[in-house]
Amino acid sequence: MADMLELVGRELRQLEATQTFKIEVPLGSAQDAVVRVNGRKVVMLASNNYLGLSNHPEVRSAAIRGIREYGYGVASVRFICGTQDIHLKLEKKIAKFLGMEDAILFSSCWAANEAFFASLTNEKMGMEAYRDVIYSDRLNHASIIDGQRLCRAETCDRKIYRHGDVDDLVRQLEEDRGKDYRLRIIATDGVFSMEGDLAPLDSLAGVAREFGATLFVDDSHGVGVCGRGGRGTPEAKGVHGRIDVLTGTLGKAIGGAAGGYISGRKDLVSFMRQKARTYIFSNSLPPSIVFGATSAFNLLTRDRSIVARLRRNTAYFRKEIATLGYAILAGDHPIVPIMLGEAAAAQEMSRELLKAGVYIRGLWFPVVPKGEARLRAQISAALSLKDIDRALGAFEKVGRRMNVR
Ligand SMILES: Cc1ncc(COP(=O)(O)O)c(C=O)c1O
């Protein structure tokens, strides 16, 4: 028998020794372009507040109206008495925005992803003997990985294909062509959060059709961000409305509070309402969030300039940081990985940048491969060019001092 506290203490000391202990820096303000840390104002380059809606006056007042009109909480799961008409309206709005038939809300995208795979693959659906298979991109988000871990090994094979590598996926699908699988599911992020690169959804949609597979895309970092209308990675890749299953979060570009969804064909969504355990056994979204997310979608569809501003800011930051001599991963997403190599450099640089007025986080092994430690900048439409210039000035100063460029 081991002592529980002794075990966790040992693990904590190990995290500290390997410099992988995660430190939370408390913000003394709302999430925005500029935030307050230890009483000082710093430029925020680390949040998923891509559209700057986290503290947008219209979204804030919508959320307050939600509380006034529908109360603070729903105190129930959806099928008991937790469905208000506003939940149904938001689901319709999400489906329409994404060009899909229907959508179902969850308390988070984590809950949506966790629900999706197990609900489908663990159900017999009238078949006594069956076997499903999931092909998953190697860099998929933890919620997709954990969702698949809930699929029973007796009835579901789980395979990994190389990141973004359609040929590797096709090779595996070819290998399995003769196998009598009930469902074949291809699972990918729309945008990969460590690299900021987009999945080749156009090719994947073709491959899924060719092999009779279901294409699942988690577009948490794409919705509101990618495509001219901010409709996500499918729009950017020319396959808007042609993905079988799209999940996403309301906790990043779409107001940044909380909530997630699965969207797809009507029957699939109805099936999830019956079978998804994180939906059936978990409280429904509070009215403030439903109102806030609704107003975020309204803003996004009404005012095209928000996405355009995000694009302008991203292009400006990418160009200028490269001009300063920093190595960045190419692309056009507001996630801009600034490659530094060693973990110690990323750790020191994020500390020094904070002192110089920029909030940015470093990523290192095991989150990214050894020797590929980086700072991950995330650009927002809320940033003014002056904010970005201030951040670039700090990069120049700290970079010169540390001699890292
Ligand atoms: C790709 C991806 N999927 C899902 C999630 C989880 O979203 P939520 O915060 O709504 O649970 C995240 C959040 O980090 C994400 O990056």
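In what order do the 4 strands of the open sheet come, and is the pairing parallel or antiparallel? This is a predicted model, and the close-ups below start with that sheet.

**View 1. The open sheet, strand by strand.** The order is β10-β11-β14-β13, and the pairing is antiparallel. The edges belong to β10 (327–328) and β13 (361–363); each has a single partner strand, so one side of each has no neighbour in the sheet. As background, strands of a sheet pair through backbone hydrogen bonds, either parallel or antiparallel.

**View 2. Zooming in on β10 and β11.** Here 2 bridges join β10 to β11 (residues 335–341), with the two strands running antiparallel. To get your bearings, find Ala327, which stands opposite Met339 in β11.

**View 3. Two helices lying across the sheet.** Helix α13 (residues 305–323) lies across β10, β11 and β14 (373–378), and runs at about 20° to β11. Helix α14 (residues 343–355) lies across β11, β13 and β14, and its angle to β14 is about 40°.

View 4. Phe297 sits in helix α12 (residues 287–302). Is Phe297 buried or exposed? It counts as buried because 21 other C-beta atoms lie within 10 Å, and the cut-off for buried is 20 or more. Leaving out residues up to four places away in sequence, Phe297 touches Lys93, Phe97 and Ile254. Take Ile254: it is 43 residues from Phe297 in sequence, yet the C-alpha to C-alpha distance is 6.8 Å.

**View 5. The buried side of helix α8.** In α8 (residues 201–211), the buried residues are Leu201, Leu204, Ala205 and Ala208.

**View 6. Around the ligand.** Which of the 13 residues around the ligand come nearest? Those are Ser108, Cys109, Trp110, Ser220 and Thr249. Sorted by class, the shell around the ligand has 9 polar residues, 2 nonpolar and 2 charged.

Definitions and conventions
Residues are numbered from 1 along each chain as its sequence is written. This is a predicted model: local features need pLDDT of at least 70, side-chain atom pairs count only at pLDDT 80 or more; totals for chains, interfaces and linings use all residues. A residue is near a molecule or strand if its C-beta atom, placed from the backbone, lies within 6 Å of it. Ala, Val, Leu, Ile, Met, Phe, Trp, Tyr, Cys and Pro count as nonpolar, Asp, Glu, Lys and Arg as charged, and the others, Gly among them, as polar. Two strands pair if DSSP finds at least two bridges between them. Two residues are in contact if their C-beta atoms, placed from the backbone, lie within 7 Å. Axes are lines fitted to C-alpha atoms, for helices over the stretch in contact, and angles run from 0 to 180 degrees between N-to-C directions. A residue is buried if 20 or more other C-beta atoms lie within 10 Å of its own, exposed if 12 or fewer, and partly exposed in between; C-beta atoms are placed from the backbone.
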